[in-house]
Amino acid sequence: MSLETFILNHNVDRGRDLIDSDFLKKAENEVEVKFGNELKQYLLTYGYLGYGYAELYGMNLRMGLNSDMVKQTLYLHKYYPVTAQYVALENQGDGDYYLVDSNDRVFEFETGEAQLRETGWSLFEYIEQRFEGVEKNLSESAVL
């Protein structure tokens with residue numbers, strides 16, 4: 001199932017007050033990372049996405065450069081220099097972050113180990129996998 005199909009068929013929360021390409025350039029300059037094509041499309045089309053208990057970082061015009069994606073990326077860059085070439089995508093708790101690079105490849109980063117591990121997924125593949133996993137868990141919980 002594609003990400004767009006999943007969004008159309010499920011109650012996926014998405015952003016309002018979407019950013020434009022001029023703001024996108026400001027954000028790239030602020031975090032000092034060039035955004036990949038999928039990340040640009042994600043931010044311009046959705047702002048952010050959330051489904052069930054999974055909430056991905058994003059940006060909107062109202063929050064501007066104080067958006068979660070920018071703030072978390074800058075935090076990681078400051079305290080974990082190994083993340084300097086990545087943008088924060090999601091914090092799954094306990095210091096377990098998911099980051100995306102300029103080629104839209106997603107990496108897992110655990111702050112305790114300070115190591116990056118490639119997931120093998122592109123940004124949109126990661127989002128699809130994440131939301132399908134949430135859907136499965138929610139369905140199994142409903143049966144119990």
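This is a guided walk through the fold of one protein, from its overall form down to a few single residues.

Before we set off, note that this is a predicted model, in which local features need pLDDT of at least 70, side-chain atom pairs count only at pLDDT 80 or more, and totals for chains, interfaces and linings use all residues. Residues are numbered from 1 along each chain as its sequence is written, and side-chain values use heavy atoms, with hydrogens and water left out.

The protein has five helices and seven strands; here helices (H or I, at least four residues) and strands (E, at least two) are DSSP runs, numbered from the N terminus.

For 144 residues, a compact globule would have a value near 15 Å, and the protein agrees with its 15 Å. Contacts tell you about the fold too (contact means heavy atoms within 4.5 Å). Of the contacts with a separation of 6 or more, 54% are between residues 24 or more positions apart.

Now think about inside and outside. Buried means under 20% relative accessible area, exposed means over 50%, and partly exposed is in between, with a 1.4 Å probe and protein chains only. By that rule, 46% of the 144 residues are buried. The accessible surface comes to about 7,900 Å², and 44% of it belongs to carbon and sulfur atoms; such areas come from the Shrake-Rupley method with a 1.4 Å probe, and for residues only the protein chains shown count as cover.

In helix α2 (residues 21-31), the buried residues are Phe23, Leu24, Ala27, Glu28 and Val31. They cover an arc of only 145 degrees around the axis, which puts them on the same side of α2; the arc is that of the directions from the helix axis to the C-beta atoms. Turned away from that buried side is a face with the exposed residues Asp22, Lys26 and Asn29. What lies over the buried residues of α2? The cover includes α3 and α4 (68-79).

Move on to α3, where the buried residues are Leu39, Tyr42 and Leu43. Viewed down the axis of α3, they fall within an arc of 90 degrees, so they line one face of the helix. Just after α3, Gly47 takes a positive phi of about 80 degrees.

Tyr46 sits in the loop between α3 (37-45) and β2 (49-51). Is Tyr46 buried or exposed? With a relative accessible area of 4%, Tyr46 is buried. Leaving out residues up to four places away in sequence, Tyr46 touches Leu3, Glu4, Ile7, Arg14, Gly15, Leu18 and Gln41.

Two other loops bring us back to phi. Most residues other than glycine have a negative phi. Asp94, in the loop between β4 (87-91) and β5 (96-100), has a positive phi near 55 degrees. At 85% relative accessibility, Asp94 is exposed. Ala114 also has a positive phi, near 55 degrees, and lies in the loop between β6 (105-110) and β7 (115-122). At 36% relative accessibility, Ala114 is partly exposed.

In strand β5 you will find Asp96, which counts as buried at 15% relative accessibility. Setting aside neighbours within four places in sequence, Asp96 is in contact with Glu90, Asn91, Glu108, Phe109 and Glu110. Asp96 and Thr111 are 15 residues apart in sequence, and their C-alpha atoms are 6.6 Å apart in space.

Our last stop is helix α5 (residues 123-143), which holds Gly133. Gly133 is partly exposed, with a relative accessible area of 28%. Between Gly133 and Ala54 there are 79 residues of separation in sequence, and 9.7 Å in space from C-alpha to C-alpha.

Conventions. The radius of gyration is taken over C-alpha atoms; the globule rule is 2.2 Å times the number of residues to the power 0.38.
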